[in-house]
Amino acid sequence: MRLVILDDYDLSSEWAAKYIRNKIIQFQPSADRCFTLGLPTGSTPYGCYQKLIEYYRNGDISFKYVKTFNMDEYVGLPRAHPESYHSYMWNNFFKHIDIDPANAHILDGNVDDLEAECQAFEQQITKAGGIELFVGGIGPDGHIAFNEPGSSLVSRTRVKTLAKDTIVANARFFGNDLSKVPTMALTVGVGTVMAAKEVMILITGAHKAFALYKAIEEGVNHMWTVSAFQQHPRTIFVCDEDATLELRVKTVKYFKGLMHVHNKLVDPVLSIKDQ
Amino acid sequence: MPSNKSVSDAPITQFINCRILREHKLQREDLWVRGGRILDPEKLFFDEQGYADECVDCEGSIITPGFIDVQINGGYGVDFSQASDDVSGGVSIVAKKILEHGVTSFCPTLVTSPPAVYHKVLPQVKVHSGGRHGAGVLGVHLEGPFISVEKKGAHPERFLRSFQGGGVVDLMETYGGLDDVAMVTLAPELAGSESVVRALCQRGVTVSLGHSVANLSQAEDAVSSGASFITHLFNAMLPFHHRDPGIVGLLTSDRVPAGRTVFYGMIADGIHTNPAALRIAHRAHPSGLVLVTDAIAAMGLPPGSHTLGQQVIEIQGLHAYVAGTKTLSGSIATMDMCVRHFKQASGCSVEEALEAASLHPAQLLGLSHKKGTLDYGSDADLTLLDDDLNVRATYISGEEVWRKDP
């Protein structure tokens, strides 16, 4: 794996956004060949989305030929609810950029046949040629998407019941009323993300530090599902200083020493204006 | 980009680089319009996978719901109370010109007149939508003749009436009919007014109290019967008194039925109401304030002397005097001037100033589900303003109907 450590949240958001930008531009997407991007929600990727929007506004990048696949969505929450992941993606990303609505895929948690919805989502990914880059986050309990502790590390898109930790962590978005938080969600599986060509996990904040430690310094374990990516050929963890607080000093020093190598991935930062 | 619209073929316009008035705040958001109505872009994106056909760059403008003037007697030499042969032509001239002031809907107002005038004029003024031809007519505002002789103001005394024949009968006799009437101003202390107020409210006509010597109790009775507006607060009514606040006391009355609001018109031209009085009213009851121009035929005419009907009027700046005197003959401020003056005099926020000219009059007329807001589904009547609240462009049903020359 690459462990990219930046000083703070803003710098790590910027690094991640530059990386995504470079990957898309290098791919040279076109009408016949879209760049497929897996996307997360939550407070961690917010800064990254802001930077990507800035790059779009500056004319340095276009999302016209980018297909997106979000990781998850709540079950039973109306799509127009301000806390639905559809609302999050619309307000924080889609409405600010030039993505084709037909290319933005998010699981629908309000259909009658949830199983069929999950299977259709997997098929859409296959039809799009697989995911080039899957961007994700990590929960305080080490989960990726809604793959709660105990999820199979080869799982695919399915319905999951949320763990208590997750419900508590999400309560702040529902007026701190636990009874209002959805209890089920549709989520891509660990296996679905593992099938992507490349995986980038964003982890910021001291409250995620223990999860990061479990994910990269301990073994592969279905109780900390992000640990599965130790077995992926191309994983990047992008984090800030605070997220490294539970790691060994030796690990942090090693990867910080590699920053000059990591930075070659984002410097020079490409622009479609140069093409 | 070609759009994929499974719901409608109408073109979609996206207003960008703007700040819109929504949920009582100015927000940096794009505004989407389709089929003359405000569109929900999130639904468009997810349900229809559609997007804009056309982008309008607002260059940082503020977008407010179009202004609504519920009291305007004429302008540009046109007097709505004149029984000319081409009343609708006169209304059209004013309707077209007030687009420049950001007004997208209005109520042509008739002052106290003899029945013959009402019978001739009213059938010629119909409720109709606005467009390139001019602002929309929401209905006529009949100010009088059932008003108090002591507070007639500039209304001709000989045409004042009372409810002799039993209320509604007098209405029909005087006006000839109530189709296309949006509002009636009357004095509630007149005997028999209660049944009239109820009958008008039942027909969906807004009842306003004005040109009256009613005390607070009489005014409150009228509100209980359905009255919901006060015509040009402070003018042509008893002054506020601490033991009987009169009609002004409605602003803080505890007898207003639950769930109802008493609105009040203010002429914020800096002349008809002292700014301190404006501030007292605003602070006492901010959500009821409705800006009106109460403009007369001289509005819009250049400075100098003009003959209007039987009178010669002299225009000096924002003052219109009876020629050779210092007697004010009416208001000639435009709606956008009133909005700017109201904001400056009251110190209120931009949002409050804009809502006083859009949301509140729409609420007063019971039209806020489709006018006076930028909520999804509302009519796309828009006014684009710069930061000083000068009008840059006006849109009706999503179509540009006026733009300021650069």
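**Loops, sheets and a contact**

Let me start in a loop: B:P145 sits between β13 (140–143) and α4 (168–175) of chain B. Helices and strands here are DSSP runs, H or I over at least four residues for helices and E over at least two for strands, numbered from the N terminus. What is the peptide bond from B:G144 to B:P145, cis or trans? That bond is cis, with omega near 5 degrees.

Before I go on, the ground rules. This is a predicted model, where local features need pLDDT of at least 70 and side-chain atom pairs count only at pLDDT 80 or more, while totals for chains, interfaces and linings use all residues. Residues are numbered from 1 along each chain as its sequence is written, chains are lettered from A and ligands numbered from 1 in the order in which they are written, and side-chain values use heavy atoms, with hydrogens and water left out.

Back to peptide bonds. Chain A has a cis one too, from A:D267 to A:P268, with omega near 10 degrees. A:P268 is in the segment after α9 (259–262) of chain A. As a reminder, most residues other than glycine have a negative phi, and most peptide bonds are trans. On the phi side, have a look at B:N17, which is not glycine and still has a positive phi, near 55 degrees. You'll find B:N17 in the loop between β1 (12–16) and β2 (19–22) of chain B.

Okay, sheets. Strands of a sheet pair through backbone hydrogen bonds, either parallel or antiparallel.

In chain B, 6 strands make an open sheet, ordered β3-β2-β7-β22-β23-β24, with mixed pairing. Why is one side of β3 (25–28) and of β24 (399–403) in chain B left without a neighbour in the sheet? Because these two stand at the edges, and each has a single partner strand. Neighbouring strands in this sheet are turned by 30 degrees against each other on average, direction ignored. For the angles, axes are lines fitted to C-alpha atoms, for helices over the stretch in contact, and angles run from 0 to 180 degrees between N-to-C directions.

Staying in chain B, strand β19 (residues 304–308) runs antiparallel to strand β20 (residues 311–316), over 5 bridges. B:G304 is bridged to B:I315 in β20(B). Then β20(B) pairs with β21 (residues 319–322) of chain B, antiparallel again, over 4 bridges, with B:Q316 opposite B:H319 in β21(B). The hairpin of β20(B) and β21(B) has 2 residues between the strands, and B:G317 there takes a positive phi near 65 degrees.

Now chain A. There, 3 strands form an open antiparallel sheet in the order β4-β8-β7. The edge strands are β4 (72–74) and β7 (158–161), each pairing on one side only, and the twist averages 30 degrees from one strand to the next. β4(A) pairs with β8 (residues 184–187) of chain A over 3 bridges, and β7(A) pairs with β8(A) over 4. A:E73 stands opposite A:L186 in β8(A).

Last stop, the contact between the chains. It takes 10 residues from chain B and 12 residues from chain A, contact being heavy atoms within 4.5 Å. How much area is buried between chain B and chain A? About 1200 Å², with carbon and sulfur atoms giving 65%; buried area is the accessible area (1.4 Å probe) that two parts lose on being put together, summed over both.

The rule finds 2 salt bridges across this interface, a salt bridge being a side-chain nitrogen of Lys or Arg within 4 Å of a carboxyl oxygen of Asp or Glu. The side chains of B:E29 and A:K95 meet in a salt bridge, at 2.9 Å from N to O. Over all chains, the structure holds 30 salt bridges.

Conventions
Pairing = 2+ DSSP bridges.
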